[in-house]
Amino acid sequence: MPRAGLDRDAVIDRAATLLDDRTSSGLNLAVLAESLGVRPPSLYKHIDGMAGLQRGIMLRAKAELCHTLGQAAIGRSREAAITGMSHAYRQWALEHPGQYPLTVSAPAPDDEEDREVSAATVQVIFSVLAGYHLEGDDAVDATRFLRSALHGYVSLETSGAFELPVSRERSFERVVTSVVTALSKWTG
């Protein structure tokens, strides 16, 4: 019988927390089981091994980041929406350094759940870019540009690559300002 209160969501939540806390040493089923007070075989009642656990964390992380971006953009347009989303993106990544890398991959073609959550995030971005009258291929190009700028900065920051004695906040503001400027002058 499964431990009371332990279900798939509780296992994935705990694993996600451990992943963020243990980015350098990784995550494995033995560590997860110990943190939950169960033996590793008990986890298989809730997840499909390590691959199932990683997929569950990835889906949860993508959905959470999508929600965060959507909340940051609600009621805002153009510069305010891009700025809000950019800061929310960075903050989420800094708070979830282990989960963040799982959010950037394209969905597997045969994974409908991953395709849906990934499409939801793209739709949030497309909605904001519509304020710049960007649609179709221009919206795709602008989305790639925005994601590249934010991911590049956040990826370097979360890996400890920014050690020069200038404020990272100041540098990030300049990145966001540059993105806003580029989007306001975007031509297809």
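Colleague: At the start of α6, which residue has a side-chain oxygen that reaches the backbone nitrogen of Glu113?

Modeller: This is a predicted model, in which residues are numbered from 1 along each chain as its sequence is written, and local features need a pLDDT of at least 70, side-chain atom pairs a pLDDT of 80 or more, while totals for chains, interfaces and linings use all residues. Side-chain values use heavy atoms, with hydrogens and water left out. The pair is a polar contact (N or O atoms within 3.5 Å; within protein, one able to donate a hydrogen and the other to accept it, and residues adjacent in sequence count only if both atoms are side-chain atoms). The oxygen that comes to within 3.3 Å of the backbone nitrogen of Glu113 belongs to Asp111.

Colleague: How many helices does the protein chain have?

Modeller: Helices (H or I, at least four residues) and strands (E, at least two) are DSSP runs, numbered from the N terminus. From that end the elements run α-α-α-α-α-α-α-α. The chain has 0 strands, and its number of helices is 8.

Colleague: How far apart are the end C-alpha atoms of helix α6?

Modeller: The expected span of a helix is 1.5 Å times one less than its number of residues. Helix α6 has 18 residues, 112-129, so its span should be 26 Å. The model agrees with this, as the end C-alpha atoms are separated by 25 Å.

Colleague: Which element gives the most residues to the lining of the largest pocket?

Modeller: A pocket is an open set of points on a 1 Å grid over the protein atoms alone, where a 1.4 Å probe fits, with protein on both sides within 12 Å along at least five of seven lines; lining residues have an atom within 4 Å of a point. The largest pocket holds about 510 Å³, a volume being the space filled by probe spheres set on the points, which are joined across faces, edges and corners. It is lined by 26 residues, and the closest to its centre are Val104, Ser118, Thr121, Val122 and Arg147. Two or more lining residues come from each of α4, α5, α6 and α7, and the most, 8, come from α6.

Colleague: What is the phi of His133?

Modeller: His133 sits in the loop between α6 and α7 and is exposed, at 70% relative accessible area. This residue is not a glycine, yet its phi is positive, near 60°.

Colleague: How far apart in space are Gly26 and Tyr132, C-alpha to C-alpha?

Modeller: Gly26 is in the loop between α1 (8-21) and α2 (29-36), where it is partly exposed at 26%. Tyr132 is 106 residues away from Gly26 in sequence, and their distance in space is 41 Å.

Colleague: Which residue has a side-chain oxygen that reaches the backbone nitrogen of Ala30 at the start of α2?

Modeller: In α2, Leu29, Leu32, Ala33 and Leu36 are buried. Their arc is only 95°, which puts them on the same side of α2. At the start of this helix, the side-chain oxygen within 3.0 Å of the backbone nitrogen of Ala30 is that of Asn28.

Colleague: Is Gln99 buried or exposed?

Modeller: Gln99 is in the loop between α5 and α6. Leaving aside neighbours within four places in sequence, its contacts (heavy atoms within 4.5 Å) include Ala16, Leu19, Ile57, Arg60 and Trp92. With a relative accessible area of 2%, Gln99 is buried.

Colleague: What distance separates the C-alpha atoms of Ala142 and Val179?

Modeller: Ala142 is part of helix α7 and counts as buried at 0% relative accessibility. Apart from residues up to four places away in sequence, Ala142 touches Leu129, Leu134, Leu183 and Trp186. Val179 is 37 residues from Ala142 along the chain, and their C-alpha atoms are separated by 9.5 Å.

Technical notes
Buried < 20%, exposed > 50% of the residue type's maximum accessible area, 1.4 Å probe, protein only. Arc of directions from axis to C-beta.
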